[in-house]
Amino acid sequence: MKAVLCTAFGLPDSLRVAETPPPKIESTDVLIQVRACGVNFPDVLIIQNKYQIKPPLPFSPGGEVSGEIVAVGEKVKQLKIGDRVVALSGWGGFAEQVAVNVNRVFPIPPGMDFINASCTLYTYGTSYHALKDRANLKAGETLLVLGAAGGVGLAAVELGKVMGAKVIAAASSQDKLTVCREKGADYLIDYSKEDLKTRIKEITNEKGVDVVYDPVGGALSEAALRSMAWKGRYLTVGFASGVIPQFPANLPLLKGCSIVGVFWGSFAEREPQQSLQNFGALLAWITAGKIKQHIDKIYSLEEAPAALQDLMDRKVKGKAVIKVGTWTEVPTEVLTPRVANANNETSARAPKPLVLNLKDIKKHIGQSLAVSDWFTVSQEMINDFAKATHDYQWIHVDTEKAKEQMPDGKTIAHGYLTMSLASKFFFELLALKGVTTSINYGLNKARFPAVVKSGSRIRMSGRIMNVEDMPGGVKLFLECKIEVEGEEKPAYVGELITALY
Ligand SMILES: NC(=O)c1ccc[n+]([C@@H]2O[C@H](COP(=O)([O-])OP(=O)(O)OC[C@H]3O[C@@H](n4cnc5c(N)ncnc54)[C@H](OP(=O)(O)O)[C@@H]3O)[C@@H](O)[C@H]2O)c1
């Protein structure tokens with residue numbers, strides 16, 4: 001395979017594109033055919049042996065990839081060949097294939113393309129953790145972002161706005177600040193021309209800023225710390241300038257403020273549940289269109305050294321992405337519940353959907369849904385399901401043999417096909433207001449008392465069993481019963497658990 005190789009530590013121009021053997025996978029790894037790789041600051045550090053992770057030479061940089069799984073280790077159960085995924089590879093992503101431990105690989109949400117997927121986790125993950133978990137940023141507070149047009153900086157600007165803060169974006173050129181303005185920044189400071197401390201005093205009427213987000217370090221840092229409000233939080237995120245600031249200890253004393261460290265990678269490893277919950281909230285904002293990555297330029301694999309050099313030369317606004325190979329992508333459909341309009345009407349044909357507001361949904365625990373329309377399970381659907389799952393048992397797909405061997409000459413649908421139709425019926429029976437996205441979260445107590453023969457009709461009834469709070473939304477437990485026309489026993493009974501944001 002083709003890979004960008006670091007054979008000796010040095011600057012980007014020392015990297016070479018070379019043919020290498022494809023990576024071997026361990027039992028808990030997946031092998032990813034890389035479609036795109038985000039370019040992040042650690043990539044420029046790792047090739048110079050200046051990063052905390054030090055892979056043995058030769059290696060490819062590239063810590064955040066998107067692509068398709070082409071092989072899985074024998075212990076991997078939750079992902080399979082063909083899945084579209086995003087992965088925090090650490091390194092190895094500037095290549096056609098990379099092996100990553102399954103714990104660091106996540107499915108790409110429906111509706112997100114490979115380019116965006118390859119540069120989303122790292123920047124938004126870092127900045128959301130910093131602002132929410134480390135600074136406890138509150139609506140109405142003032143947030144100063146240094147290096148505001150960089151990868152993590154621009155994410156902090158957007159997230160600060162979504163979280164209700166007043167955002168001051170500070171960067172080194174008007175060009176960069178224009179992008180910050182587009183992302184919602186309220187005030188702009190060009191620190192190549194303006195004095196940071198003086199401008200903050202003017203903007204905040206001498207009060208100072210409540211939170212500083214600092215991924216840059218160097219001379220700007222002390223000026224920012226001196227501009228803090230009482231009980232402010234100063235976030236140490238990174239040192240893109242190459243200079244680690246040395247603060248006089250009297251400054252936090254005088255300001256009654258805290259200097260707070262941010263280490264997202266360590267947080268994600270030590271607090272995986274919290275990190276996943278953060279991803280859930282970010283995903284909801286992405287799906288709702290509240291945050292969207294700014295992609296400055298897409299480079300080819302051969303141009304990867306130039307992409308790293310542009311990052312070092314402070315030329316990149318938002319994200320640079322390496323596109324690996326030539327491919328075009330068919331966008332996937334986003335599945336969301338139907339949303340009712342102001343008159344509680346929905347456009348689809350489903351019978352009498354229950355129209356609910358997400359904020360009131362708890363009041364409806366125990367309430368039954370209507371019965372869906374009949375739906376015919378065709379042989380074509382059964383064949384498609386077999387193709388998708390590689391389950392070609394003859395009782396499902398061999399119509400000729402079924403004519404000879406089955407009592408009524410018909411094939412039967414896979415039980416899991418019937419079960420997976422529960423979410424289709426669910427969206428017909430329930431229309432939700434105030435929901436931007438929903439994710440099927442799990443199934444419980446699934447049973448298949450009767451079979452579904454090819455060509456027969458099925459329908460679903462349901463009941464809201466429970467609603468539990470979760471960060472950014474709720475978990476809805478829905479009792480489902482799928483009946484087959486003319487049959488006494490149901491074809492499927494179970495609980496569908498759906499996360500609503
Ligand atoms: N703590 C964590 O968990 C964590 C997570 C992710 C990233 N980081 C760190 O955060 C920093 C920024 O990462 P990033 O991916 O956002 O990088 P980036 O996209 O390159 O942004 C860095 C910004 O820093 C400013 N800068 C000032 N002096 C610079 C210099 N000498 N070279 C390059 N940039 C300089 C630039 O803005 P101006 O030109 O406007 O000054 C640039 O836009 C890095 O140090 C990275 O390691 C930390």
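Two residues are in contact if their C-beta atoms, placed from the backbone, lie within 7 Å. The structure is a predicted model, in which local features need pLDDT of at least 70, side-chain atom pairs count only at pLDDT 80 or more, and totals for chains, interfaces and linings use all residues. Residues are numbered from 1 along each chain as its sequence is written.

**Domains**
- The protein chain is split into domain 1 (2–120 + 293–323), domain 2 (123–267) and domain 3 (354–500), with bounds from an automatic or database domain assignment.
- Nine residues of domain 1 are in contact with eleven residues of domain 2.
- The C-alpha centres of domain 1 and domain 2 are 28 Å apart.

**Ligand**
- The ligand is surrounded by 29 residues, of which Gly147, Gly150, Gly151, Ala171 and Gly238 are the closest; a residue counts as near if its C-beta atom, placed from the backbone, lies within 6 Å.
- Both domain 1 and domain 2 give residues to this shell, so the ligand lies between them.
- Helix H4 (151–162) gives the largest share of the shell, three residues; helices (H or I, at least four residues) and strands (E, at least two) are DSSP runs, numbered from the N terminus.

**Sheet**
- Five strands form an open sheet in the order S17-S20-S21-S22-S19, with antiparallel pairing, where two strands pair if DSSP finds at least two bridges between them.
- Strands S17 (375–376) and S19 (438–447) are at the edges with a single partner strand each, so one side of each has no neighbour in the sheet.
- S19 pairs with S22 (residues 492–500) over seven bridges in the antiparallel sense, and Ser438 stands opposite Leu500 in S22.
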